[in-house]
Amino acid sequence: MATPYLKKMFDQKDFVLDAVNYGVRILFILESPGNNEVKSKNPAVGKSGKDMTRLLLQKTNDNPIIGIGNLIKNENNELNTLSDEDKNFVKQLGVMNVCNYPMQHRLSTDVLRNSVIFKRISKKQDKYVKGESSEKLQQLHDEIINDFKARLLTAIDNGVEYIIPCGTFARVVIEQLISKGDIEEIPYPSWAENIPHPARNQWFPQDNEKNKSRLGIIQNMLNEIKLIIDNG
């Protein structure tokens with residue numbers, strides 16, 4: 001869905017659909033597509049998507065890893081590279097971006113307290129954002145959030161049982177929807193809180209005392225997902 005201001009602010013060829021098939025049970029929420037995603041028109045196919053596959057399917061780097069978005073979409077029969085067990089696992093996963101267009105942002109302190117006005121909408125769009133009024137930026141923000149809310153509601157209606165927002169941006173957006181009562185029941189379990197974005201090796205931090213908490217959060221998430229899928 002592309003609302004009026006979104007159409008103005010973004011190049012339509014950069015639009016990337018979600019990877020959410022009907023009946024998906026577990027939905028990962030990310031921020032927005034990157035360059036690899038724009039090229040393939042699928043979410044989570046670059047380094048972040050491959051790290052998601054590596055963790056969720058417990059793969060090593062010995063063999064080429066396919067991004068989780070490509071596996072979910074299965075447009076080129078990527079699922080045929082997996083075992084039957086892994087195929088069943090992937091079929092219960094989905095990936096949705098808050099914004100279907102590539103977006104970079106700087107989170108101000110206001111993000112954690114109130115509604116956020118996006119200070120930057122990708123380097124490519126800076127020239128537009130700089131000249132826009134706060135009212136127009138608020139309109140852009142509202143359109144992005146409302147579009148995301150509509151897609152999320154559809155996914156929940158179609159069977160999503162758990163959502164996992166990855167990274168600060170996705171988590172803040174979900175928490176805002178919950179606090180405002182915009183969605184009556186969001187299946188956001190406590191174990192899915194504080195999950196880092198898979199970018200920059202955040203799902204594979206060095207095993208040391210500094211990263212002990214993050215490693216525990218990631219491992220607990222993986223354990224919970226396995227239980228959900230194993231218990232059908």
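# Briefing: salt bridges, core and aromatic pairs

Welcome to this predicted model, in which the count of salt bridges comes to seven. The largest nonpolar core has 56 residues, and three aromatic pairs are counted as well. The points below take these topics in turn, beginning with the charged side chains.

**Salt bridges within helices**

- Side chains of opposite charge can pair when their charged atoms come close.
- In helix α3 (residues 47-56), R54 and D51 are three residues apart, which puts about one helical turn between them.
- Their side chains meet in a salt bridge, with N to O at 3.5 Å.
- R54 has a relative accessibility of 17%, so it counts as buried.
- D51 is buried as well, its relative accessible area being 3%.
- A second pair sits in helix α8, where D147 and R151 are four residues apart and so separated by about one helical turn.
- The salt bridge between the side chains of D147 and R151 spans 3.0 Å from N to O.
- D147 and R151 are both buried.
- This pair also belongs to a network of salt bridges that links D18, D147 and R151.

- The side chains of K59 and D86 form a salt bridge at 3.1 Å, N to O.
- K59 is in the loop between α3 and α4 (68-73), while D86 belongs to helix α5 (residues 84-90), so this pair ties together parts that are 27 residues apart in sequence.
- With 32% relative accessibility, K59 counts as partly exposed.
- D86, in turn, is buried, with a relative accessible area of 13%.
- K59 is also one of the contacts of L82, along with L57, L71, K87 and V90, when neighbours of L82 within four places in sequence are left aside.
- L82 itself lies in the loop between α4 and α5.
- The relative accessible area of L82 is 12%, so this residue is buried.
- L82 and L71 are 11 residues apart along the chain, and their C-alpha atoms are separated by 9.2 Å.

**The nonpolar core**

- Among the 56 residues of the largest nonpolar core, those that touch the most other members are F28, L56, I68, L152, I164, W203 and I225.
- Helix α8 (residues 134-157) gives the most to this core, contributing seven residues.
- For L152, the contacts beyond four places in sequence are L27, I29, M96, I163, I174, L177 and I183.

**Strands β1 and β2**

- Strand β1 (residues 26-30) pairs with β2 in the parallel sense, over five bridges.
- Within this pairing, L27 of the chain stands opposite G94 in β2.
- Strand β2 (residues 93-97) has five of its five residues buried, so the rest of the structure largely encloses it.
- In a regular strand the side chains alternate between the two faces of the sheet.
- In β2, L93, V95 and N97 point one way and G94 and M96 the other way, and all are buried.

**Aromatic rings**

- F28 counts as buried at 1% relative accessibility.
- W203 is buried too, with a relative accessible area of 2%.
- Y162 and W191 also pair, with ring centres 6.1 Å apart and planes at 40 degrees, so this pair is tilted.
- Here too distant parts of the chain are linked: Y162 is in strand β3 (residues 162-165) and W191 is in the loop between α9 and α10, 29 residues apart.
- Y162 is partly exposed, its relative accessible area being 25%, whereas W191 counts as buried at 12% relative accessibility.

Key: Residues numbered from 1 in each chain as written. Predicted model: local features only at pLDDT ≥ 70, side-chain atom pairs only at ≥ 80, totals over all residues. Heavy atoms only, no water. Core = buried A, V, L, I, M, F, W, Y, C linked by side-chain atoms within 4.5 Å. Buried < 20%, exposed > 50% of the residue type's maximum accessible area, 1.4 Å probe, protein only. Helix = DSSP H or I, 4+ residues; strand = E, 2+ residues; numbered from the N terminus. Contact = heavy atoms within 4.5 Å. Pairing = 2+ DSSP bridges. Salt bridge = Lys/Arg side-chain N within 4 Å of Asp/Glu carboxyl O. Phe/Tyr/Trp six-rings, centres within 6.5 Å; stacked < 30°, edge-to-face > 60°.
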